[in-house]
Amino acid sequence: MDKLYVTITIDTENPQIPFMANTCRTDTLLHSDRKRNYGIQYILSVFKEYGIHATWYLNIYEKYLLGEKLLADVCDILLKNGQDIQLHTHPVWLMDRGERKRIYMKQYSFEEQVYIIEKGIEDLQNITGKRPIAHRGGAYGIDRNTLLALNTANMKIDSSAFYKNSNCEVSGRYKNRIHELHGILEYPVSVYRLKTNYIIPHKLCRNQIQKSDINYSTGKEIKEVCEQNIAGRHSYMNIFMHSFSLYKFFMAGVRSESSLFEPDKDTIKKFHNIMGYLCGNSKVEIVTVSQLYEKRNTIKKSSKDYMPKLKRTKII
């Protein structure tokens with residue numbers, strides 16, 4: 001029986017916008033101001049409950065902001081729990097900590113991008129003892145030079161291509177299909193077409209491209225996307241989240257009068273529901289990005305690209 005291989009990928013970082021604006025310097029990865037941690041530690045407890053191994057795209061460059069020990073502790077707890085650690089590039093903390101104007105990979109020259117990637121590989125390897133093979137650019141802000149730089153650095157996989165996303169300059173040809181770009185295997189951000197119908201008559205319906213995301217998708221939508229992929233015999237899907245996805249500030253914003261560490265109970269419930277659905281579906285196999293790469297020659301790949309189509313109803 002053909003399987004739908006699902007990767008769960010976590011962009012592992014502190015909230016970048018308030019960090020760059022100097023309005024926040026609190027670590028959300030492992031620390032929680034003596035409250036229960038709903039970052040890495042809670043996510044790992046859920047994965048342990050369901051027997052899940054995921055891929056954590058780690059912004060290793062935060063070591064230049066918060067210190068190497070924190071990032072080493074993050075890697076240690078992930079590796080002890082059998083998780084897959086790969087490279088996530090927010091180059092501003094390595095290259096532009098003073099002015100903070102060049103925040104995307106695409107804002108750097110080819111030579112600079114090679115340096116950023118090779119430095120990230122070196123820093124990760126020094127901490128983990130393992131060389132990463134996969135990369136995701138922060139905010140999907142990559143260009144052709146990023147892929148060429150990844151190739152130069154002997155990386156195997158990129159997972160930054162986000163169809164129709166304005167930050168991503170390599171997202172034109174394919175939507176969801178695994179494909180090769182400039183010598184790099186591209187595992188794109190999984191997307192679906194979402195039509196939102198509003199009950200209030202004077203408000204027009206809205207069509208948008210939505211990624212399969214723990215925060216921005218409903219649980220029903222992620223399940224429907226899985227089922228459509230299974231029915232269409234498509235072999236790959238990614239479910240996206242952040243290491244701080246289960247905190248309320250992720251959707252509500254960082255505010256001085258509220259704690260960073262207030263859990264988002266609705267998202268936590270949805271997260272459990274989705275993990276339970278995936279693990280209970282005999283047609284789904286959850287794999288890490290590294291495992292999917294190892295299976296690349298044995299997986300039957302779809303010959304066509306595909307975008308699931310869903311509808312959502314809202315009152316206003």
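This is a predicted model: local features need pLDDT of at least 70, side-chain atom pairs count only at pLDDT 80 or more; totals for chains, interfaces and linings use all residues.
**Entry 1. Nonpolar cores**

The largest nonpolar core has 81 residues. I listed the members with the most contacts inside that core: Ile8, Phe47, Trp56, Ile117, Phe271, Met275 and Leu278. I then took methionine 275 and looked up its contacts, leaving aside neighbours within four places in sequence. Methionine 275 is in contact with Ile8, Val46, Phe47, Tyr50, Ile52 and Ile214. I also found a second, separate core, which has 13 residues and includes Tyr5, Tyr187, Tyr236 and Val287. As background, I noted that nonpolar side chains in soluble globular proteins tend to be buried together.

**Entry 2. Aromatic rings**

How many aromatic pairs does the structure hold? I found 12. I looked at tyrosine 38 and tyrosine 42 and recorded 4.9 Å centre to centre, with 45° between the planes. That pair is tilted. Tyrosine 38 and tyrosine 42 are both buried.

Next I took phenylalanine 47 and tryptophan 56. Phenylalanine 47 is buried, as is tryptophan 56. Both residues were already on my list of those with the most contacts inside the largest core.

**Entry 3. Charges over rings**

I looked up two cases of a charged side chain over a ring. Lysine 106 lies over the face of tyrosine 104, 5.5 Å from the ring centre. Arginine 296 lies over the face of tyrosine 293, and here the distance to the ring centre is 3.8 Å.

**Entry 4. Salt bridges**

My search of the whole structure gave 13 salt bridges. I went through three of them by residue.

Arginine 136 pairs with aspartate 11, with the closest N and O atoms 2.9 Å apart. I checked where the partners sit: arginine 136 is in strand 4 (residues 134-137) and aspartate 11 in strand 1 (residues 4-12). They are 125 residues apart, and the pair links distant parts of the chain. Arginine 136 and aspartate 11 are both buried.

Lysine 80 pairs with aspartate 76, the closest N and O atoms being 3.2 Å apart. Both are in helix 4 (residues 68-80), and because they are 4 residues apart there, about one helical turn separates them. Aspartate 76 is partly exposed, at 38%.

Arginine 312 forms a salt bridge with glutamate 221, and the closest N and O atoms are 2.6 Å apart. Arginine 312 belongs to strand 12 (residues 309-314) and glutamate 221 to helix 8 (residues 219-231). This pair also links distant parts of the chain, the partners being 91 residues apart.

Glutamine 113 lies in helix 6. What is its relative accessibility? I read 0%, so glutamine 113 counts as buried. A polar atom of its side chain lies 3.1 Å from the backbone oxygen of tyrosine 108. Leaving aside neighbours within four places in sequence, I listed its contacts as Met105, Lys106, Tyr108, Asp143, Asn145, Thr146 and Ala149. Among them, Lys106 is the residue I had found over the face of tyrosine 104.

Threonine 128 is also in helix 6 (residues 110-128). Its relative accessible area is 15%, so I classed threonine 128 as buried. A polar atom of its side chain lies 3.0 Å from the backbone nitrogen of lysine 130. Not counting residues up to four places away in sequence, threonine 128 touches Cys75, Leu79 and Ile85.

**Entry 5. Asparagine 273**

Last, I looked up asparagine 273, which is found in helix 10 (residues 265-280). With 39% relative accessibility, asparagine 273 counts as partly exposed. From asparagine 273 to glycine 219 I recorded 7.2 Å, C-alpha to C-alpha, and 54 residues in sequence.

Terms used:
Residues are numbered from 1 along each chain as its sequence is written. Side-chain values use heavy atoms; hydrogens and water are left out. Rings of Phe, Tyr and Trp (its six-membered ring) pair if their centres lie within 6.5 Å; planes under 30 degrees apart count as stacked, over 60 as edge-to-face and the rest as tilted. Buried means under 20% relative accessible area, exposed over 50%, partly exposed in between (1.4 Å probe, protein chains only). A charge sits over a ring if NZ of Lys or CZ of Arg is within 6 Å of the ring centre and within 35 degrees of the ring normal. Helices (H or I, at least four residues) and strands (E, at least two) are DSSP runs, numbered from the N terminus. A polar contact is a pair of N or O atoms within 3.5 Å; within protein, one must be able to donate a hydrogen and the other to accept it, and residues adjacent in sequence count only if both atoms are side-chain atoms. Contact means heavy atoms within 4.5 Å. A salt bridge is a side-chain nitrogen of Lys or Arg within 4 Å of a carboxyl oxygen of Asp or Glu. A nonpolar core is a set of buried Ala, Val, Leu, Ile, Met, Phe, Trp, Tyr and Cys residues joined through side-chain atoms within 4.5 Å.
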